[in-house]
Amino acid sequence: MKKYVQYGCGFSAPKEWKNYDASPTLRFERFPIFGKLYTRNSQRFPKNVIYGDIVKGLPEENNSCDGIYCSHILEHLSYNDCLKALHNTYRILKPSGIFRCVLPSLRLSIENYIENYEKNDEPAHEFMRSTMLGIEDREKGIKGISKILLGNSKHLWMWDEKTLITELKKAGFSEMRIAKFGDSKDPHFSLVEEENRFFGALALECTK
């Protein structure tokens, strides 16, 4: 039986996939008593979501996955953690298995910044907000600390296709190509991909 793994799934967890997420909120929700009362999000994680951190390594055997997918996850990792994630992804993927990833495109963001520079009175602010870089307002006290501990919404490292392809090659991947929504030769990816996640984004497909 084929195995397909998604990490950083959030609330999108099709039953045909094995879905992992490293959110601290997920861990709180799974506490026997307090977890049932914990309502930080407007919705709760689906029951089939498993806590797992791709940086530390998912509890999957080497060369065991036919397909792996992540959407808007890699940009939330530091540079070195992202490299660890790519190596751990490669480790559990089967030979000839497919890895597809979607994330914001730094190149497109810069192109939009340059194109709109003369039209906008505050182009730097627009760029920083659209890329989710920097900190616009840092809350202090317990609330600020809890946001740091429980949230990971900021983008820590941005990528363009050329740089990410280079790192994928270093991790051992081959046959890299720019991907589009729904264009994988493996129809199983259609169960996990969402078209709106591809808008203005960088998407790559590669194999082991």
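Reader: How many bridges join strand 4 to strand 5, and which way do the two run?
Author: Strand 4 is joined to strand 5 (residues 93-104) by 6 bridges, and the two run parallel; strands count as paired if DSSP finds at least two bridges between them. Strands here are DSSP runs of E with at least two residues and helices are runs of H or I with at least four, numbered from the N terminus. Please keep in mind that this is a predicted model, in which local features need pLDDT of at least 70 and side-chain atom pairs count only at pLDDT 80 or more, while totals for chains, interfaces and linings use all residues. Residues are numbered from 1 along each chain as its sequence is written, and side-chain values use heavy atoms, with hydrogens and water left out.

Reader: Which residue of strand 5 does C65 stand opposite?
Author: C65 stands opposite L93 in strand 5.

Reader: And what pairs with strand 4 in the parallel sense over 3 bridges?
Author: That is strand 1 (residues 4-7), where Q6 stands opposite Y69 of strand 4.

Reader: Why is strand 4 described as largely enclosed?
Author: Strand 4 (residues 65-71) has 7 of its 7 residues buried, so it is largely enclosed by the rest of the structure. Buried means under 20% relative accessible area, exposed means over 50%, and partly exposed lies in between, with a 1.4 Å probe and protein chains only.

Reader: Switching to charges, how many salt bridges does a search of the whole structure find?
Author: The search finds 14, a salt bridge being a side-chain nitrogen of Lys or Arg within 4 Å of a carboxyl oxygen of Asp or Glu. One of them joins the side chains of D66 and K94 at 3.3 Å, N to O. That pair links distant parts of the chain, as D66 in strand 4 and K94 in strand 5 are 28 residues apart.

Reader: Is D66 buried or exposed?
Author: D66 is buried, at a relative accessible area of 15%, whereas K94 is partly exposed at 27%.

Reader: Which residue does K84 meet in a salt bridge?
Author: The side chain of K84 meets that of D81 at 4.0 Å, N to O, and both residues lie in helix 3, 3 residues apart, about one turn of the helix.

Reader: Which residues are linked in a network of salt bridges?
Author: The network of salt bridges links R100, R177, D183, E193 and E205.
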